[in-house]
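Welcome! Here is a friendly walk through one protein structure. Have a look at it first, and then we can go through some of its parts together.

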Amino acid sequence: NMLRVRTSADVEEGQRLWERLWPAECIFDLWPVRAFFAASFSRPPFFIVAEDNHGPAGLLALSWIEEEDCFGCFPGETWHGQTWLEQNRILADSPDAARELLSAVPGPAELRYLRRHSLPLVQENATLDEIGYLLLPGQYDYSFDSYMQQFSGKSRKKLGRELAVLESAGVSYRYDCFSDIDYLFRMNQQSFGEESYFSDARFLEAFENLASWLKANGFLRVTTVIIGGETAAVDIGAVWGRTYTVMAGCTHPEFPGVAKLINFHHMEWACRERLETVDFLCGDFGWKQRFHLTPRSLYKIRLPGLVMSQRNCRNQEDSAGAR
């Protein structure tokens, strides 16, 4: 059963292969989600296909990232030299197929945010990339109160005092108001300036198109916190299957502590809805670990020839932009 490897730069063929082979387990697995970023960033696509006598046995979906001089996972959407879409995969039936795919990459590559189950195939190449953070409501019997017991009594009191200050000004919530997304983009750029994902016109366009598509398909959740009549925070996320992925957010600087308020609100809602997972994505910035979220490691593979530039290193400040 001989393996043959071929490559294709045809995005339509890439889509057909993706939709046939790629398991749809999270929102980032869906072709349209990738396609919005592919359209905005216009990276040359490069699909490597392993085939045996029975048909496709593996797929490595890449894009050429010109300014980094390397391949990245398709569609190669970058912000400060790193990609954003998570849960990437090396799709292969066997370690042999995986090795064939990787050895067919015709230049340096940096494959980020790979899931753990791609790894048994390519263990020798992989290193820890970043850690994503999840709330798993089932661990707490879908009870937000049980989750809150993870905090020490002292921490709970401190949080209670902090949130009480906000509550005293009058807190209310608004859901799924699409125009609040524009406020989010604007406020995020004001807060983070050049560090905001949305300061990149390509990323902004892709995100706007993604939000419209999520809305049209009933996956979009927009949460807006209003305090004393002012918009204090906006988060947008996607509910797909039993997973709620919190994708982007902004907070108004006049309301310290509102980020905690909105995050607890997401968690409480997810417990009530009996969701399986709330995915707060990678990038800790201090709070995710303190909030007793469940860590999930993602991995990267660097193929020879890539010189890491300073721009590829994540800015450790709280400049999460879209995260």
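## A buried threonine

Thr243 counts as buried, because its relative accessibility is 19% and buried means under 20% relative accessible area, with exposed being over 50% and partly exposed in between (1.4 Å probe, protein chains only). You will find Thr243 in strand β13. Leaving aside residues up to four places away in sequence, Thr243 touches Ala238 and Thr277, where contact means heavy atoms within 4.5 Å. Helices (H or I, at least four residues) and strands (E, at least two) are DSSP runs, numbered from the N terminus.

## About the model

This is a predicted model, in which local features need pLDDT of at least 70 and side-chain atom pairs count only at pLDDT 80 or more, while totals for chains, interfaces and linings use all residues. Residues are numbered from 1 along each chain as its sequence is written, and side-chain values use heavy atoms, with hydrogens and water left out.

## Helices α2 and α7

Two packed helices are described by the angle between their axes and the distance between the axes. Axes are lines fitted to C-alpha atoms, for helices over the stretch in contact, and angles run from 0 to 180 degrees between N-to-C directions. For helix α2 (residues 31-41) and helix α7 (residues 201-216), the axes cross at roughly 150° and come within 8 Å. That makes α2 roughly antiparallel to α7; angles under 35 degrees count as roughly parallel, over 145 as roughly antiparallel, 65 to 115 as roughly perpendicular and the rest as oblique.

Which residues of α2 and α7 meet? From α2 come Pro32, Val33, Phe36, Phe37, Ser40 and Phe41, and they meet Arg202, Phe203, Glu205, Ala206, Phe207, Asn209, Leu210 and Trp213 in α7. By type, the residues of this contact of α2 with α7 are 10 nonpolar, two polar and two charged. Here Ala, Val, Leu, Ile, Met, Phe, Trp, Tyr, Cys and Pro count as nonpolar, Asp, Glu, Lys and Arg as charged, and the others, Gly among them, as polar.

## Two nonpolar cores

A nonpolar core is a set of buried Ala, Val, Leu, Ile, Met, Phe, Trp, Tyr and Cys residues joined through side-chain atoms within 4.5 Å. The largest one has 36 residues, and Phe37 and Phe207 are among those with the most contacts inside it. Helix α7 gives the most to this core, with eight residues. Apart from it lies another core, of 31 residues, including Leu159 and Trp287.

## Helices α5 and α8

Helix α5 (residues 153-168) packs against helix α8 (residues 258-272) at an angle of about 100°, and their axes are 10 Å apart. That makes α5 roughly perpendicular to α8. In α5, Leu159, Glu162, Leu163, Leu166 and Glu167 meet Val258, Lys260, Leu261 and Phe264 in α8. The contact of α5 with α8 divides into six nonpolar, no polar and three charged residues.

## Loops worth a look

Ser42 sits in the loop between α2 and β2 (45-52). Although Ser42 is not a glycine, it has a positive phi of about 50°. Is Ser42 buried or exposed? Ser42 is exposed, with a relative accessible area of 56%.

Pro75 belongs to the loop between β4 (70-73) and β5 (78-79), and the peptide bond from Phe74 to Pro75 is cis, with omega near 10°. Phe37 touches both Ser42 and Pro75, among other residues.
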